[in-house]
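This report describes selected features of helix packing and chain contact. The structure under discussion is shown below.

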Amino acid sequence: MAAFVLRRLGHAFLVLLLVATVTFTIVHAAPGGPALLADPKLSIAERDAIAQRLGVDRPLPVQYVRWLGALARGDLGNSFLYETSTVSTIAQRLPNTLLLAGAALLVSLLVAIPVAAWCAERPGGWLDRLAGAVALGAISIPVFWLGIVAILVFAVYLRLLPAGGVETIGGDGSLRDRLAHLILPTLVLAAAGTAELLRYTRSSARRQFARPFVRTARAKGVGERAVRWRHAMRNALVPVVTVIGLQLPRLVGGAAITETVFAWPGMGRLGIEAALARDYPLVMGITLLVSGGVLLASFLVDLAYLVLDPRIRLDA
Amino acid sequence: MIALRRRSFVLPRPGARALWIVGALLVVAACGGDQRPQPQAGNSTDAGGTLRIPLINDPILDPVVAPDIGSVMVNKVLFPGLVRPDEALRPIPDLALSWTTSDDGLRTTFKLRPGVTWHDGTPFTAADVKFTFDQILDLKSGSRLRSDFAAVDGVDVDDSLTVTFRLKAPFAPFLTLLGYNAGILPKHLLQGAPLADATDFNRKHPVGTGPFMVQDVSPGASITLVRNPRYYGTPPRLDRIVFKVVPDVNAQVAQLRAGELDLITIEPANLASVQGVPGVEVQQVPVVQHYYVGLNVARAHFRSPAVRRALAMAINREAIIKGVLRGYGDPAVGTIPVALRDFVADSLLPIPYNPDSALAMLAAAGWRRGADGVLRNAAGAPFRFELLLDKGNPTREQTALAIQQDLRKLGVDASLRTMEFAALVRDRILPGNFDAVLTWWTTPPDPDQYAFYHTGQDNNNVHWSNPVADSLLALGRATRDLPRRQATYRAFQALELEDPPVIVLFFPREIQAVSSRLQGLPLLGIRDALRHSERFAMRAP
């Protein structure tokens, strides 16, 4: 086990270094430059002074070596936009994103897996057809449109839920208030993922339900509930875990649009802001963090296999 | 002092409304109570309440280093300057009570308002004024106001409430610029380090002298200001101003309609979603901006003034104002916006829309239309150029399309290319690597356009050069006598008709969608209006 973890850590380090280098090259190759310098009104002298302060007046290889050197000391530099340290800027936003992504993942799991199990047992039934149609819609509808429509319906017309933010500003900060703010962005963010998970789990489960061991279990007189969950679904979920693992980073990094529409102060929106403003240190910091998240998620997926499928062994 | 009016531009609302809107209105009335004004001693007759305004990102709370519009809005509330603009955009006393200028125009002495304190209770003095302008002039501070005050040679403290500015040359826009972005900073909190590095001050704990002070900053979410009990002017009426970070314009509109925002600015394309909404009013204000097509005069096509004038004649600018801006703009004579009532030459007629004359002028300049309808020069090369604009703004994108179509009717082929704003500025406009660009200038409320149109200036991106204009622009900024200054800029605008530096498309009006509970909002662009925030109040729902 220790050797396995060590090997994965070594891989992770190499991957992160590669990601850092590629990202550094791409963000600097993107047209434009730091937004601070893109004010057409600045005089040449003002522009030079700002470039010097940001350190972007140096040749690229020099900037790269300096950035790597600082990174080795655990220093990701200061955000151009915020002028605060990259780490603390991200740290302020990360909890909001984790909360939103976690809530969305939870909703996805709670909805997709039971519904998929139900549909897999009764293919072509009313719920199966309904779920298929809704899932197709949820995958096809763009998030920004779904978000705005959700705000119009629930916040503007029905006045049931707040239109944005994490809490009422100047309010009491109660749990109820925070939950109310969480509902719409969670549902919107969860929509596409839930649909995908549902479709995937359903087809995986259908294959399992058709397999001989299910018939055997039934013939042995095992209860239907146990057949469904302990035999069929447990096997059906092994590949599904991979899909969930792939969704984790997408939820964290890809929440950007949902966060923008719902004025949710998360890291996804920060990432978009940083990319548009060519805030190089912040873009690099967020990319490294999200890549780290991807690596961690795939590591957790591997561990989950061990639990779900006893045939899989570390040394295999 | 100044009359604060509003609603003179309020739009008519459609009469018929569905029942559910009435229902929604009742719910607004029921839900709006979470931020009920708290009665305060001495303000019992005032409405109080909370005003909520959107920003698109976290502001930098320091007027000298702040780079963006959102920051400017918050800083107008927190950091008053020596003067501020009234509703005609003329400077009136603020932190300075009075001033005198020497006969040669090289020294202006300000008497400061006594008894003013910073939000932390420290007295405000002349040393703060000197400190602020020392920082503005020092590039190492991160200052973005240096070019505004390039004419300032130095600042002397005469006594604790008297300060003298020494100028290198007479500079007429000086007072206007003092009331534009030059908020005064507290020396006792900021001395000793570059302003841009004072992140605790400019992100969390700014200290100004304005009518409201920062109570709470929630990164990425909001900034809450509360009334400053020590404010030196008219006591503020609101309890709070909350700036909420809402990056998406459609979400801002939705939040306004849901009663979660009270004052937003919108694009003409968003009008339909706020017109006729109960509890929301729309008002429009001319702002000091000019939208234009900049033709790169360094390119052979555009060197001739007659060609530039002909292209201006070929573009139906009235139709753009009507069709794209839905009427929320004013036609242009020259580059001086109508918001500058004292200086706009409204007796001059704009360049008319006249494609036939345009064709004749282009023919005289050597561009003839062939049988295929394409304009070609003597060498047979077609009249073709690339028109750049920034990506994502519907008003500018539709305007560019209208221009393209108008020019095509003439046989001129303008291909459109949209780019991210930062890339457009940095990779194309600044290096002069463009044929034509659709963009705009937001200028201080003064007719001085020396930086933009004088030969060889950093901001003269189109490389326009006209010796008569150069001398008029130099004279205009050095002349303090109003009638002589007006005559100078009238001559400049007349010259612009014959030798257009750029094709001015229109002067936009800012469209403000406002909660009908908000009172006391002056008819000014939102940035300048916020310098009068002590007069705002929210009627109880």
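## Helix 12 of chain A

In this predicted model, helix 12 of chain A spans residues 280–308. Its 29 residues reach 42 Å from the first C-alpha to the last, close to the 42 Å expected at 1.5 Å a residue.

The buried residues of helix 12 of chain A are Y280(A), P281(A), L282(A), V283(A), M284(A), G285(A), I286(A) and T287(A). Their cover includes helix 1 (2–29), helix 4 and helix 11 (267–276) of chain A.

## Packing of helices 4 and 5

Helix 4 (residues 86–121) of chain A also packs with helix 5 (residues 126–140) of chain A: their axes come within 8 Å and cross at roughly 130 degrees. Helix 4 of chain A passes helix 5 of chain A in a left-handed crossing.

On the helix 4 side of chain A, the residues that meet helix 5 are V115(A), W118(A) and C119(A); their counterparts in helix 5 of chain A are L127(A), D128(A) and A131(A). By class, this contact has five nonpolar residues, one charged residue and no polar ones.

## Contact between chains A and B

Between the chains, 46 residues of chain A are in contact with 49 residues of chain B. On the chain A side, the elements giving two or more residues are helix 2 (44–54), helix 4, helix 6 (143–157), helix 10 (256–261) and helix 11.

Helix 6 of chain A provides the largest share of that side, six residues. By class, the chain A side that touches chain B divides into 25 nonpolar, eleven polar and ten charged residues.

Technical notes:
Residues numbered from 1 in each chain as written. Chains lettered and ligands numbered in written order. Predicted model: local features only at pLDDT ≥ 70, side-chain atom pairs only at ≥ 80, totals over all residues. Axes fitted to C-alpha atoms, helices over the stretch in contact; angles between N-to-C directions. Helix = DSSP H or I, 4+ residues; strand = E, 2+ residues; numbered from the N terminus. Left-handed = near helix turned anticlockwise from the far one by under 90°. Contact = placed C-beta atoms within 7 Å. Nonpolar A, V, L, I, M, F, W, Y, C, P; charged D, E, K, R; others polar. Expected span 1.5 Å × (residues − 1). Buried ≥ 20, exposed ≤ 12 C-beta atoms within 10 Å, placed from the backbone.
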